Amino acid sequence: MLKCLNKNIFKESLKLNKNNILLNNYYFNKNIINYYNKNNLIIKNNNNSIINNNNSNNNNNKYKRLFSTTTNILKEKKNNNNNNNNKINEFKSPLKNENEIKEFDVIVIGGGHAGTEASAASARVGSKTLLITQSIDTIGVMSCNPSIGGVGKGNLVREIDAIGGLMGLAADESGCQFKVLNQSKGSAVHGPRAQIDRELYRESIHNLLWKITKENGGNLSIKEGMVEDIILDEEEEDGKKTIKGIILDNGEIIKCKKVVITTGTFLGGIIHIGNKRIPSGRMGDKAATALSLTLNRIGFELGRLKTGTPPRLDGKSIDYSVMVEQVGDDIPLPFSFSNSKVKYDQRQLKCFMTRTTEESHQIIIDNLSSRPALESGEDGKGLGPRYCPSIETKIERFQGKTHQVWIEPEGYTTDVIYPNGISISLPEDVQMKFLKTIPGLENVKMLKPGYAVEYDYIDPRELNHTLETKKISGLFLAGQINGTTGYEEAGAQGIVAGINASLSHQNRPPMIISRSEGYIGVLIDDLVTLGVTEPYRMFTSRSEYRISLRAHNSDQRLTEKAFEFGSASNNQLQALKEKQSLLDQVYNKLKEIKKSPSEYLTQCGIENVHEKKSLFEILRRPHVDFNLIKRYLPNDLLEKIPPLYIPIIDSECKYSNYVDKHVIEFNNLRKRENQLIPPSLNYWDISQLSTESKQILSKARPTNFSSASKISGITPSALFSIQVYIKKNYEGNERILNNNQNKNFNNNKQQQQEQQQQQEQQQQQNII
């Protein structure tokens, strides 16, 4: 039984609910009390000592923490009666609260992943920037899963780094397990991913921001506060009102020319646990309700989306022996192009995998009536991410299948475990019963319940490609407010919005990343062109240029462009030039050196080579890699090649033929937008299409590519896959089929014209 020093509040709370208590931002859950920053409490156990989550086997005492949560750090109230061994180290941010300056060029609202990237980018590009956040301590906090990257997402992180962002650098400083996903496939779909120590990541973000506050002329300032209103100029510019400043909840006015809103799940956020509703975007922090009302008043139509998080578990109560061990790569791949290795490359932690059981599913099914009634979606079940659904949705949607549960550590010096794959919003007692049916979790202790959170978003079709709103000049939006989900998608939008807000203030041309230049361009183009019908998540399959947009060439695609706009540094540009120069030397030498079958090729398993070919051509073959042919390169050149460059060389050779061909084919697709789609086409036969695309197209049945391109959720990549399938499977029949369709189309058109003429004649007769 835990005791709280403020006994009166605790006793009063117990009267409300013995198991689940919410009062004045204190949230009590059975044996664990999560402390929220606004209250100065010390939590003690029965023997009157401060609860500590020390790991005696870990020498790094700097990062001790108490049942670490994602959003709030326990602050020790100094007590001379306690000895040093019982004290909990408090995180001390180097960032200072700005209270003096009352006017800025750009104000960024929200200190999450989008907000930190936006504010840092705006300052780098040259504008006086203010980042406003509820609490400086929560800047850079990972609200949900303790990981960065993945398939598609890892590409975004590397692109953020290539244009001067923070996320990759922070991940390299705080990662505790690194793994490239999809390594058995081509490098175009590789997904760099890292398990992250939450506290180290937050500390790294704070240090990076602090560095920016001291550099670039001190362009970046931080302020604690809640924005309640936006000040607009009454005089319209080009038919649009313009930004003049913001108003805080204490009535303070701060003037500015540009505003970037990055409120994440806090915009009108409500947390759901069973029938309990808590106005919040993250457990322990206030929802931005007033700002939501302001945006609605301005004229933006708000929608509702849902996301969720699983319970947090005590790692000491888990039986790992019955689980499948998951280890990282032997040589961790850094996210940042500025790093040759990650900080803790010799200290990677293990993850584990278990699965749900039939008993697990039955508990969920028996308690579906206690799930919260949600506002988003049409069925009251919430409009959440299709590819990251709650465990309730998984069990309903995929009956008879068990589901993977990834047991992920939250850091080096905590026993808190994040069970990835079981986001849940049922009552806490149900969550506890469910957890104990999973192999390895029979005796588990739940430190914090899972929950769903609903929040407001604005239709991203209200935005330009700069992420500036069409309604209000100088107002930019980034992150989940635009209908996306995930840290990486938020960070990608944040850096683009911050750059363009700063450029706009300086009356400079905007920085637009096209679909062919990067996944950031794909993300933004999908949002502003197609909108969203559910939280948007990035996949490599969303890009028609994915063969070219490989994670390891992000700097080659974007750094020089970002440098021209002031976002990437001179050091980044020089490093890119040196890298490109060395790679060019290697490619030229590979093209120059030619070998015949008798010269080593046959004996190392390279068959069907009947004439001399260059090493570059030989490397195009599927089962040939750089290590097979490197002996033919000069030693002085080999010694210059870093290990990180070898996958780049391999993939550049292998994809060289396909890239040009792919671009030509896609350009041909654009020219044939009016090509008809066979009415008998079964979209489920096209393996390259996502399940989402197959469902949408099977229901819509577009008649041609032009109409298909206008369907929300259908990307150019999907259209390209359809065209390739039609070309391959219809061929000679396609012409006959299309001719028949054209005849039907012309007949229908003629009938419509005749009907229109008859209507016009009838109208004339009526007039007479």
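User: Where is Pro642 found?
Analyst: Pro642 lies in the loop between helix 17 (635-638) and helix 18 (646-671); helices (H or I, at least four residues) and strands (E, at least two) are DSSP runs, numbered from the N terminus. This is a predicted model, in which local features need pLDDT of at least 70 and side-chain atom pairs count only at pLDDT 80 or more, while totals for chains, interfaces and linings use all residues. Residues are numbered from 1 along each chain as its sequence is written, and side-chain values use heavy atoms, leaving out hydrogens and water.

User: Why does Pro642 count as partly exposed?
Analyst: Pro642 counts as partly exposed because its relative accessibility is 29%; buried means under 20% relative accessible area, exposed over 50%, and partly exposed in between (1.4 Å probe, protein chains only).

User: What separates the C-alpha atoms of Pro642 and Ser340?
Analyst: A distance of 8.7 Å separates them, although Pro642 and Ser340 are 302 residues apart along the chain.

User: Turning to the sheet, in which order do the six strands come?
Analyst: The order is 21-22-23-24-20-25, in an open sheet with antiparallel pairing; two strands pair if DSSP finds at least two bridges between them. The edge strands, which each pair on one side only, are strand 21 (324-326) and strand 25 (446-448).

User: How many bridges join strand 22 to strand 23?
Analyst: Four bridges join strand 22 (residues 351-355) to strand 23 (residues 404-409), and the two run antiparallel. Met353 stands opposite Trp406 in strand 23.
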